[in-house]
Amino acid sequence: MAGIGLKLNRLFEKRTISAYLAGFAYSSMSTVTPMLVVILNILLMSHFLGFDQLGFVERELFSCSVLYIFIFALLTAAPFNSVLSKYMSDVIYEERYEDIRPCFFFGLFLNISLSSLLGIPFCLWEHFVGRVDVFYTFTGYCGYIGLVLVFYSMIYLSISKDYQKISLFFFIGMLWAFLFSLFLRFIMHWGIRESMLFALMTGFFLTAFLQLAIIKRYFVKNSNRYKSIVRYFGKYWKLVVANFCYILGLYIHNFVFWNTDMRLVVVKTFVCNQPYDMATCLAMFTNISATIIFITRVEMHFHDKYKAYSESVIGGKGSDIDNAKKEMFRQLSAELVNLVRIQFIITAVVYLLAVVFLPGFGISSLTMRIYPCLAAGYFILFLMYSEIIFLYYFNDLTGAMLTSVIFCLVTFLGSLVATHLPELWYGIGVVVGAFCGWTFAYFRLRYMERTLDAHIFCRGSLLKPGMGTRPPGQVFSRTEQRQAAAEPSTAK
């Protein structure tokens, strides 16, 4: 994320209201704009194509199709993204740019293979059991694969610090999807549901195509070295577990409530829980600004301290290293405290506005009863994710993995218990899970602060590993030293 730090510093150093607004807009464009553009496009298509005219089953079929496309595209991409990002970062640092294309093709093969293995059986079930027509089923499957390609390609553009292009390509893809849906509906006279899903699918593929084109333009050479990528998955398997458990933890509480009496089954295939899913969406948007604030402040403040510490380790004195370490962890603590303070104010204001105005837009009372607990849970959850990012900074893969596993497991167990509680406490599983993950990550960071010197300077080996006879453990003998000193005098 270091690519946006310089731009943010140039914006905020003017210290004017307009500069602060521009900085907030820029950081927003670099983080959450793609998601907001997709949501806005779906809302616009629904309004202009007359989505409300459809029957209940048709509306729910489209809504569940889009929901499943997003959730499972994220889940299938999660096991690969973190390791491939790590490999890309190391390759760029070592200036082995010819190894990026093999990484891209190998990762693409793995991602598409896993996504297809999960998607094809579900689509067959949707068609033969749910009696959904072949065209709609295949369109949904293609939309799922298209979004998988989009999420996968975003890794490489993020590593290349091209956040603006990511947002631009999403905007172009969704603009095309909106216009194309109007063409299909009013010129070709397609059905409303089919026009929206098919246009959305083509928008995803257009976004993925634009991303792939810019990646191929950036990275031209191909070394055809694939073994090193496979070894990375074995070496950094903790990254796979950490990222997958975090993404799974975001949705595992939804999966639990999809199996309660409140669930809605659409065409014997799709399962959802409308009030709980809507409350989850509201809770996420209530706290989404934490991502913007965190990235902005880390880019502007912590990254410089981290860079200063790294440079002192390479060529500084012991006192310089100690001072740089203290400054870095002092800044880390300050960033976490500021994030809690600022996000708490934003969450409180957004929550108040939601409680006052959302019932007037048709949000059910059950959703509004579930919403407060989930809003508190997502507040803690985004704070926990900030600590995971700091653990990544210090290469503490074990800490990041355990944080994600604790969060996912406790959220799952807590949600099972929450199904037997009143509606007001349905989100307690997310609250407890996020708090346990946050607590573990906090003490892990404190542990890293105490043992960072050993973590940095005591890793690796002085001798090159290899097969053969083990060297003796004794490296110095005072007796042999005396004998060697006495030999010249004896010869005289």
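Residues are classed by relative accessible area, with buried meaning under 20%, exposed over 50% and partly exposed in between (1.4 Å probe, protein chains only). The structure is a predicted model, in which local features need pLDDT of at least 70 and side-chain atom pairs count only at pLDDT 80 or more, while totals for chains, interfaces and linings use all residues. Residues are numbered from 1 along each chain as its sequence is written, and side-chain values use heavy atoms, with hydrogens and water left out.

The protein chain contains 17 helices and two strands; these elements are DSSP runs numbered from the N terminus, helices being H or I with at least four residues and strands E with at least two. Of the 492 residues in the protein chain, 48% are buried. Among contacts with a separation of 6 or more, 80% are accounted for by residues 24 or more positions apart, where contact means heavy atoms within 4.5 Å.

The largest nonpolar core has 137 residues, and the members that touch the most others are Tyr156, Phe390 and Phe394. Helix α14 (residues 365-393) supplies the largest share of this core, 18 residues. A nonpolar core is defined as a set of buried Ala, Val, Leu, Ile, Met, Phe, Trp, Tyr and Cys residues joined through side-chain atoms within 4.5 Å. With residues up to four places away in sequence not counted, Tyr156 touches Leu84, Met88, Ile100, Cys103, Phe104 and Ile215.

Asn395 is not a glycine, yet its phi is positive, at about 60 degrees. At 31% relative accessibility, this residue counts as partly exposed. Val267, in the loop between β1 and β2, likewise has a positive phi, near 45 degrees, and is a residue other than glycine. Its relative accessibility of 22% places Val267 in the partly exposed class. Most residues other than glycine have a negative phi.

Thr269 lies in the loop between β1 (264-266) and β2 (270-272). Thr269 is buried, with a relative accessible area of 9%. Apart from neighbours within four places in sequence, Thr269 is in contact with Phe122, Trp125, Glu126 and Gly130. Asp261 is found in the loop between α10 (237-257) and β1 and, with 83% relative accessibility, counts as exposed. The C-alpha atoms of Asp261 and Asn273 are separated by 9.2 Å, the two residues being 12 residues apart along the chain.

Two or more lining residues come from each of α4 (56-93), α5 (100-128) and α6 (134-159), and α4 gives the most, with six residues. By class, the lining has 12 nonpolar, five polar and one charged residues; Ala, Val, Leu, Ile, Met, Phe, Trp, Tyr, Cys and Pro count as nonpolar, Asp, Glu, Lys and Arg as charged, and the others, Gly among them, as polar.

Helix α11 (residues 274-287) has 14 residues and should span 20 Å at 1.5 Å a residue, which agrees with the 20 Å between its end C-alpha atoms; the expected span is 1.5 Å times one less than the number of residues. Buried residues in α11 are Pro275, Tyr276, Asp277, Ala279, Thr280, Leu282, Ala283, Thr286 and Asn287. Thr286 and Asn287 are in contact with Thr347, as is Phe379, when neighbours of Thr347 within four places in sequence are left aside. Thr347 lies in helix α13 (residues 318-357) and, at 12% relative accessibility, counts as buried.

Lys238 is placed in helix α10 and is partly exposed, with a relative accessible area of 25%. Its contacts, leaving aside neighbours within four places in sequence, are with Leu397, Thr398 and Met401. Lys238 and Ser82 are 156 residues apart in sequence, and their C-alpha atoms are 9.7 Å apart in space.
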